[in-house]
Amino acid sequence: MSATPEAAAVPTVAELEAQERRLVFRRFTHDDAWALGSLLVELARERRAPVAVDIHRAGQQLFHAALPGSTPDNDAWIARKRRVVERYGSASYLVGSRFRAKGTTFEESSRLDVDTYAAHGGSFPITVADVGVIGAVTVSGLPQVEDHRLVVEALERFLGE
């Protein structure tokens, strides 16, 4: 039995870790949050993606947009995924993938409240060189690997990769 194209395209833990090492900012300002958030909205609009986009830094929401087709549930997912980034310092998809690589799930093994934390794709750490993780950029509304890919694509474009 061959793998489905979607399954074949799922990034490995090593690939996800490499993304985090590459996608690092020199600084991250309010203006950067606006520009990155606006880029994400533009990419989502081009795809007619029914997503909500959120950027937090140091506990403050710097950007939020809800596109047509998104719902209040997307805001709840954003909060849950962002909390995973804040707690673990890694992308929400990477955290979930690490649990799966150990033969378990985040929900079974993290001992965290699943109504508060969600290790599903779509939230990525905002990491500043020589500082560390200072926030998160999050998308919700698509299947988790697509949420993750949308954020990574925007970060790559924003950082000029």
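Which residues does His56 touch, not counting residues up to four places away in sequence? In this predicted model, the residues that His56 touches under that condition are Gln61, Leu62, Arg82, Ile126, Gly135 and Ala136. His56 is found in strand 1, which spans residues 52-57, and with a relative accessible area of 11% it is buried, because a value under 20% counts as such. The side chain of His56 is also joined to that of Asp54 by a polar contact of 2.7 Å.

Helix 5 (residues 92-101) takes part in two helix contacts, one with helix 2 (residues 13-22) and one with helix 4 (residues 72-88).

| Helix pair | Axis separation | Crossing angle |
|---|---|---|
| Helix 2 and helix 5 | within 10 Å | roughly 155° |
| Helix 4 and helix 5 | 8 Å | about 75° |

Helix 2 and helix 5 are therefore roughly antiparallel to each other, since their angle lies over 145 degrees, and their crossing is left-handed. From helix 2, the residues Val13, Leu16, Glu17 and Glu20 meet Tyr93, Leu94, Ser97, Arg98 and Ala101 of helix 5; by class, this contact has five nonpolar, one polar and three charged residues.

Helix 4 and helix 5, by contrast, are roughly perpendicular to each other, because their angle falls in the range from 65 to 115 degrees. Here Lys81, Val84, Val85 and Tyr88 of helix 4 meet Ser92, Val95 and Phe99 of helix 5, and the residues of this contact divide into five nonpolar, one polar and one charged.

Key. Residues numbered from 1 in each chain as written. Predicted model: local features only at pLDDT ≥ 70, side-chain atom pairs only at ≥ 80, totals over all residues. Heavy atoms only, no water. Axes fitted to C-alpha atoms, helices over the stretch in contact; angles between N-to-C directions. Helix = DSSP H or I, 4+ residues; strand = E, 2+ residues; numbered from the N terminus. Parallel < 35°, antiparallel > 145°, perpendicular 65-115°, else oblique. Left-handed = near helix turned anticlockwise from the far one by under 90°. Contact = heavy atoms within 4.5 Å. Nonpolar A, V, L, I, M, F, W, Y, C, P; charged D, E, K, R; others polar. Buried < 20%, exposed > 50% of the residue type's maximum accessible area, 1.4 Å probe, protein only. Polar contact = N/O pair within 3.5 Å; in protein donor to acceptor, adjacent residues only side chain to side chain.
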